[in-house]
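Please look through the sequence and the structure shown here, and then read the briefing that follows, which is grouped by topic.

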Amino acid sequence: MPDAATSASTDPDVDLLDAPCRALAEAADAVGEAARHASGLALGARLPATALARGGSARRGWRTLLRTLTDPAGLGWAPRGRGVARAGRLAGILVSRESLAISIAVCGLKARIRAASTGRPELLDDPGAAAVLRAVGAGRQAEAVRLFRAIMRDQGAEHAFALLAPSFADILAWKALTDANPFNDHAGWQVATGRAETAEPLLGLGAAFWALCDRGQGLPERPPAGRVSARGPARRRVTGRPPRPAPRPPAGDLRGHAAALRTHAARLSAAAAGPDWHGPQTEALRAEVENLAARCERAADGLALAAAQLQGRLPVRLHDQ
């Protein structure tokens, strides 16, 4: 039987993951808003027409925006919004183009799933739950969904949700954000960022999904018979609730969004540098967060450069798109 102290030395303290989870959710929200603003400019009607007519710095700024919105080392494939931007986003989903905002959101979801399961070591005693968590740890979200549905079919929905809630809401959101179906992204984004938005009639959250994503305390937990955890009684990870991001910045300009991305890049770097994280899986998470922070910084550089090139070259109201 492994010593409790040894186990504690390889598992991260659950509370230490709270700050990175919150930082990731808020960074995903900020990156999404920056991409939406840049898409509205670069793929709208007025900037392309003005840039093509005037040339010079206006045209260079427009091209910089387009490069920033499609930079694999920065925003990834980031068109976001209406019209041409929506068509570009759907095209990116169909050809599996990666987006920085989605990558940050998914990283936060995986960290939250891990934090919730770390606080409940008894889950590994259940073969079904252990299989789901192994699939999550290996990044196989579709397999995790399939295994959870098998638990529901074989043992009933009450057992399945008592066993894995609230983590499965995060697994569902992870699958929604990474599959080829663009119509479930809205719901997955809400779960990942904690951002409540008005849902479109046919593409928003249905009652069944809301029930599944209910992150309250739900059914009481009972430890397995005959088992006493070395860490004390099982406890539900109530703090696994999707963190509430900071309020969105008011509609601003490219410089404001660039500054916001730099702030979030610094927060992600600070979270990744936390000295109290342990274990090989945590090192992989740390490396992933550091990479995402570097990409936020690169995206901020692109937005700032475009802002400098467009400064004084376009009508003032163009920045309100």
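Asp170 and Arg112 form a salt bridge in which the closest N and O atoms are 2.6 Å apart; a salt bridge here is a side-chain nitrogen of Lys or Arg within 4 Å of a carboxyl oxygen of Asp or Glu. This pair links distant parts of the chain, with Asp170 in helix H10 (residues 167-178) and Arg112 in helix H6, 58 residues apart. The model is predicted, so local features need pLDDT of at least 70 and side-chain atom pairs count only at pLDDT 80 or more, whereas totals for chains, interfaces and linings use all residues. Residues are numbered from 1 along each chain as its sequence is written, and side-chain values use heavy atoms, with hydrogens and water left out.

**Salt bridges**

- Both Asp170 and Arg112 are buried, where buried means under 20% relative accessible area, exposed means over 50%, and partly exposed lies in between (1.4 Å probe, protein chains only).
- A search of the whole structure finds 13 salt bridges.
- Another salt bridge joins Arg295 to Glu98, with the closest N and O atoms 2.7 Å apart.
- That pair also links distant parts of the chain, since Arg295 belongs to helix H14 (residues 280-310) and Glu98 to the loop between helix H5 (84-94) and helix H6 (100-118), 197 residues apart; helices (H or I, at least four residues) and strands (E, at least two) are DSSP runs, numbered from the N terminus.
- Arg295 is buried, with a relative accessible area of 8%, whereas Glu98 is partly exposed at 32%.
- Glu143 and Arg140 meet through their side chains in a salt bridge of 2.4 Å, N to O, and Glu143 is partly exposed with a relative accessible area of 24%, while Arg140 counts as partly exposed at 39%.

- Helix H2 (residues 18-42) has 25 residues and should span 36 Å at 1.5 Å a residue, which agrees with its end C-alpha atoms being 36 Å apart; the expected span is 1.5 Å times one less than the number of residues.
- H2 is mostly covered, as 21 of its 25 residues are buried.
- The largest nonpolar core has 71 residues, and those with the most contacts inside it are Leu65, Ile104, Leu254 and Leu268; such a core is a set of buried Ala, Val, Leu, Ile, Met, Phe, Trp, Tyr and Cys residues joined through side-chain atoms within 4.5 Å.
- The largest share of this core, 12 residues, comes from H2.
- In soluble globular proteins, nonpolar side chains tend to be buried together.
- Not counting residues up to four places away in sequence, Leu268 touches Ala23, Leu24, Ala27, Val289, Leu292, Ala293 and Cys296, where contact means heavy atoms within 4.5 Å.

**Single residues**

- The charged end of Arg80 sits over the ring of Trp189, 4.5 Å from its centre; for this, NZ of Lys or CZ of Arg must be within 6 Å of the ring centre and within 35 degrees of the ring normal.
- Ser96 lies in the loop between H5 and H6, and its phi is near 60°, a positive value in a residue other than glycine.
- Ser96 is exposed, with a relative accessible area of 64%.
- Asp185, in helix H11 (residues 185-193), is buried with a relative accessible area of 10%.
- Leaving aside neighbours within four places in sequence, Asp185 is in contact with Arg89, Ile93, Ala176 and Leu177.
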